[in-house]
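The sequence and structure come next.

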Amino acid sequence: MSLAMATPTTSSTFSSPLLPSSPTPRRTPADPLRRIRRPRLVAVASVPDPAAGPVEYTPWLIAGLGNPGDKYYGTRHNVGFEMVDRIARDEGITMNTIQSKSLLGVGSIGEVPVLLVKPQSYMNYSGEAIGPLAAYYQVPLRHILVIYDEMSMPNCVLRLQRKGGHGRHNGLQNVIEHLDGCREFPRLSIGIGSPPGKMDTRAFLLQKFSSEERVQIDTALEQGVDAVRTLVLKGFSGSIERFNLVQKYKFHRV
């Protein structure tokens with residue numbers, strides 16, 4: 001992913017990336033040959049491969065896709081926003097900053113810094129917000145988690161993937177375009193079911209959940225928060241594989 005061409009499009013209360021920097025000590029005449037080393041921040045969190053040991057302390061960008069405004073609140077197409085709101089609530093992160101066409105919250109999950117993002121550029125232009133933010137905060141692709149609604153999955157079924165295509169999801173497609181066409185970033189898809197009969201797809205997406213579906217989605221959001229926390233702290237470990245398996249068969253009865 002190219003990082004040089006993207007800059008934040010809106011003023012921000014944050015003037016520097018999430019990662020702290022340490023001043024480099026100067027050599028003294030009395031010790032001209034002493035080798036100077038910068039301290040490195042390391043952590044056991046966010047390890048792609050648990051067997052690999054500690055890695056650099058790298059922030060996560062967690063973006064939920066949706067449409068801004070009360071008109072779209074609670075609709076099927078906005079479950080990505082709802083997941084980010086639930087993460088913010090449970091982790092004590094305040095969403096109070098505007099930058100790069102997005103509503104942001106800066107905080108941490110455990111000891112890992114996270115940037116929660118709700119693009120305000122509308123669903124089909126989500127990449128216009130996420131791409132510049134990922135560049136500005138120097139977040140690698142493997143730490144960009146995009147959360148979105150998925151019609152090909154039953155209501156409230158969740159799935160975490162390391163990478164993938166856009167599956168004809170316009171918001172996800174726009175994100176890929178603004179990440180220089182790269183698809184190698186994690187995504188959490190939230191099943192919302194498919195339109196019944198001959199119902200128009202757009203009307204279905206902008207429809208609110210029924211009371212029964214609402215209960216199912218609220219439960220799924222709680223499960224999603226736990227899954228995101230596990231991903232951030234442990235990477236794609238066996239726990240994520242078990243999570244996906246349980247979600248896949250959550251409605252199967254034996």
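## Arg-229 and Glu-91

Arg-229 has a relative accessible area of 24%, so this residue is partly exposed; that class lies between buried, under 20% relative accessible area, and exposed, over 50%, with a 1.4 Å probe and protein chains only. Arg-229 forms a salt bridge with Glu-91, and their closest N and O atoms are 2.6 Å apart. A salt bridge here is a side-chain nitrogen of Lys or Arg within 4 Å of a carboxyl oxygen of Asp or Glu. The two residues link distant parts of the chain, with Arg-229 in helix α5 and Glu-91 in helix α1, 138 residues apart. Helices (H or I, at least four residues) and strands (E, at least two) are DSSP runs, numbered from the N terminus.

## Basis of the values

The model is predicted: local features need pLDDT of at least 70, side-chain atom pairs count only at pLDDT 80 or more, and totals for chains, interfaces and linings use all residues. Residues are numbered from 1 along each chain as its sequence is written, and side-chain values use heavy atoms, leaving out hydrogens and water.

## Arg-214 and Glu-82

Eleven salt bridges are present in the structure. In one of them, Arg-214 pairs with Glu-82, with the closest N and O atoms 2.6 Å apart. Arg-214 is in helix α5 (residues 211-234) and Glu-82 in helix α1 (residues 79-91), so the pair ties together parts 132 residues apart in sequence. Glu-82 is buried at 13% relative accessible area, whereas Arg-214 is partly exposed at 21%.

## Asp-85 and Lys-118

Asp-85 forms a salt bridge with Lys-118, the closest N and O atoms lying 2.9 Å apart. Asp-85 belongs to helix α1 and Lys-118 to strand β6 (residues 112-119), 33 residues apart. Lys-118 is buried, at 11%, and Asp-85 is partly exposed, at 32%.
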